[in-house]
Amino acid sequence: MREVYAVGIGITSFTRLEYPLVEIAGYASILALKDAGLDQVDQVYLANMAAARLNHQTAVASALVDHLNLQPAGAATIENGPASGAAAIKEGFQAIASGMADTVMVTGAERMSEVNQLEATDVVASLSHPLSEAIYGVTLPSLAGMFTRLYMEKYGVTRRHLALVAIKNHANALMNPFAHVQTAISLEGILDGPDAPTNNPIIADPLHFFDVCPVSDGGACVILASAEVAKKLKKPLIRLAGVGQATDTHAVHERENPTDLLAVRLAARKAYEMAGIKPADVDVAELHDAFTILEIAESEEVGFFKKGEGHLALEQGETKIGGKIPINTSGGLKAKGHPVGATGVGQAHEIVTQLRGAGFKRQVKNAKVGLTLNFGGFGNNVVCLVFAKE
Amino acid sequence: MPVDLEKILRPVDNPFAPYPPKVVALATGQPMVIRQVDRDDIPDLLPHVEPLLHHERDYYDVVAARVYSELLGHYKYRYQDQYVLVGQIDGHLAAIVNGRFVNKKLGMSLHTLAMHRGLRVGAHCFAAKMEYHIDIVGQDEVLVVAESPIGFRRWMIEYQLEKRYEVPHELGGVPSYALTRALFDKARGSLIVGKRPVSAALLNKAQAGILPPTDPPKAAPDFLAATRSVYDSTGTARIRKGKGGERHA
């Protein structure tokens, strides 16, 4: 296999963008091409989950190539639920590693605000099992609520721990100009104070408003290149050193132990093996915190902490910037936002930013190895990426 | 004999109990003081409403235009039995809500204009307005309409307001809903929060003057303007400069 490098990055603000989907994707792409110093690529992968329903548009990759005048580059749209972004990066990795392409543009984009929030939630819920989950009205927040309740009972996680994740990620987002939610929150305001129940109402018990990510629009792009091309571009050499993907049962209730996120564990293991590193070697990570509990659970499954001890590490400040393993320096899905198809690419954008040392106020000192974890479905399709600075 | 037309044009306000100020703790942990303002305070509010007339997002333009007219009408004695409450964070204006007393039993909610978003500032001030009608003045119900999807979600859905489609609302157009005493009691402690008395320090700070909103709604930034500038008339970007420059080169 050939080595693969991230040579260009671009991103839009993750917020409500009142522009067509292809323009959102195009903007992030142009920034990344400019960053890389390229004006043509061999292959384009466009990660998107639901343009057909949200924007009445299909074949978005073809539209993007035309929009940017990148013909005759190959183009394909990758739909893999919320893990579409990292899945598209994996496709890009394979194209270069196999020798089929020297340069690949991986863009993720979603424009969710074209429909109202109820419809957006319904669209996302369509990734659940149609006969055993969706038909009974199961949504992602409801699955996360049940998961959280079980996690609390088994491991002693409390609402305070969940609130600490939200507070940390909101604080990180304040240092990220691209983040959707730019509001500091406090324990008093969302948990302890007399008016906290109103400020932070229940969404899906025991998850409250500030435990859930916003519905965002946004685009992000990463340009991948072979070593030969990367070395000519005079950019910091950030290698996509490890790629792992794993799946689990579609319906959550079919899992032997629903609090075990097996696909996360396996995807991370594969990525570490390929990169030749251990969890302790990771300096910074972007985990898929669509719900606050997921940051805690994933931090255990990727091996940063023992199972059932992620919340204790959080409590000790180990996941803050300056802590042992800073998690979600961008603000995470929780505060940076979650334009579904763009999320995995946005995570890679943040890690490349960190490894380049360009994170400004949120920069993790001496970051050399970074990890992203993109969580599809409710953990039934997970992609883990490891980036390393050379 | 001269006729004083002003006496005819100017409605006579009825006496209603004043709204006692309260303080609500926001998600940030900051306290927001909600208090009634006088007619003489209206000129201090109008400059902060005017910019929102031009904010074409989430119906701010419609609501701001109506609030501006209602406040001006109130200031110039052309609106009977109107009251105005404001939310202030550290003295800064965060929201304006207003309403009117139709009679001793019926209230008319007018508008809620949040100038600080994302912290339920508007929702807290709307709740204060309902509290004024039901608890302080002792009315039986308040007629409410929504002019934006956000308002509909906050009032009609969160309070589960009753339909009063047969009763026209003074704002016209959309169907009326009603907050009854029973619905208000149900929302007490969950949607209706805050405490009294407000500490002297907080109240003095609020009353010392209405400071401008710290984070008023702004137009969506045109993040994509830079790329549009390199589009050709067909909407196709010309990024391949220096490499032929032509499409399908």
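What percentage of the 390 residues of chain A count as buried? In this predicted model, the share is 66%.

**Figure 1. Overall view of chain A, with its 15 helices and 11 strands.** The radius of gyration of chain A is 19 Å, close to the 21 Å given by the globule rule for 390 residues, so the chain is as compact as a globular protein of that length. Taken along the principal axes, the box filled by the C-alpha atoms of chain A is roughly 60 × 45 × 40 Å. Buried residues make up 66% of the chain.

**Figure 2. Strand 8 of chain A and its pairing with strands 1 and 11.** Strand 8 comprises residues 238–247 and is mostly covered, eight of its 10 residues being buried. Strand 1 (residues 4–11) of chain A runs antiparallel to strand 8 and is joined to it by two bridges. Ala6(A) has Ile238(A) of strand 8 as its bridge partner. Strand 11 (residues 381–389) of chain A is also antiparallel to strand 8, and nine bridges join the two. Here Arg239(A) has Ala388(A) of strand 11 as its bridge partner. In general, the strands of a sheet pair through backbone hydrogen bonds, in either the parallel or the antiparallel sense.

**Figure 3. The open sheet of chain B, built from eight strands.** The strands follow the order 1-2-3-4-5-6-8-7, and their pairing is mixed. Strand 1 (22–25) and strand 7 (162–163) stand at the edges, each with a single partner strand, so one side of each has no neighbour in the sheet. Strand 2 (residues 31–37) and strand 3 (residues 82–89) run antiparallel and are joined by six bridges. Val37(B) stands opposite Val84(B) of strand 3.

**Figure 4. Strand 3 of chain B and the hairpin that it forms with strand 4.** All eight residues of strand 3 are buried, and both of its faces are covered. One side carries Gln82(B), Val84(B), Val86(B) and Gln88(B), while the other carries Tyr83(B), Leu85(B), Gly87(B) and Ile89(B). Strand 4 (residues 92–101) of chain B pairs with strand 3 in the antiparallel sense over eight bridges. Tyr83(B) has Gly99(B) of strand 4 as its bridge partner. Two residues lie between the strands of the hairpin, and Asp90(B) in the turn has a positive phi of about 55 degrees.

**Figure 5. A nonpolar surface patch on chain B.** The patch is formed by Val3(B), Leu5(B), Ile8(B) and Leu9(B), which together have about 420 Å² of accessible area. Leu9(B) is placed in helix 1 (residues 5–9) of chain B. With a relative accessible area of 46%, Leu9(B) is partly exposed.

Definitions and conventions:
Residues numbered from 1 in each chain as written. Chains lettered and ligands numbered in written order. Predicted model: local features only at pLDDT ≥ 70, side-chain atom pairs only at ≥ 80, totals over all residues. Heavy atoms only, no water. Buried < 20%, exposed > 50% of the residue type's maximum accessible area, 1.4 Å probe, protein only. Helix = DSSP H or I, 4+ residues; strand = E, 2+ residues; numbered from the N terminus. Pairing = 2+ DSSP bridges. Patch = residues over 30% accessible without salt bridge, like charges linked within 9 Å, V, L, I, M, F, W, Y side chains within 5 Å. Areas by Shrake-Rupley, 256 points an atom, 1.4 Å probe, with all protein chains shown as cover. Salt bridge = Lys/Arg side-chain N within 4 Å of Asp/Glu carboxyl O. Rg over C-alpha atoms; globule rule 2.2 N^0.38 Å.
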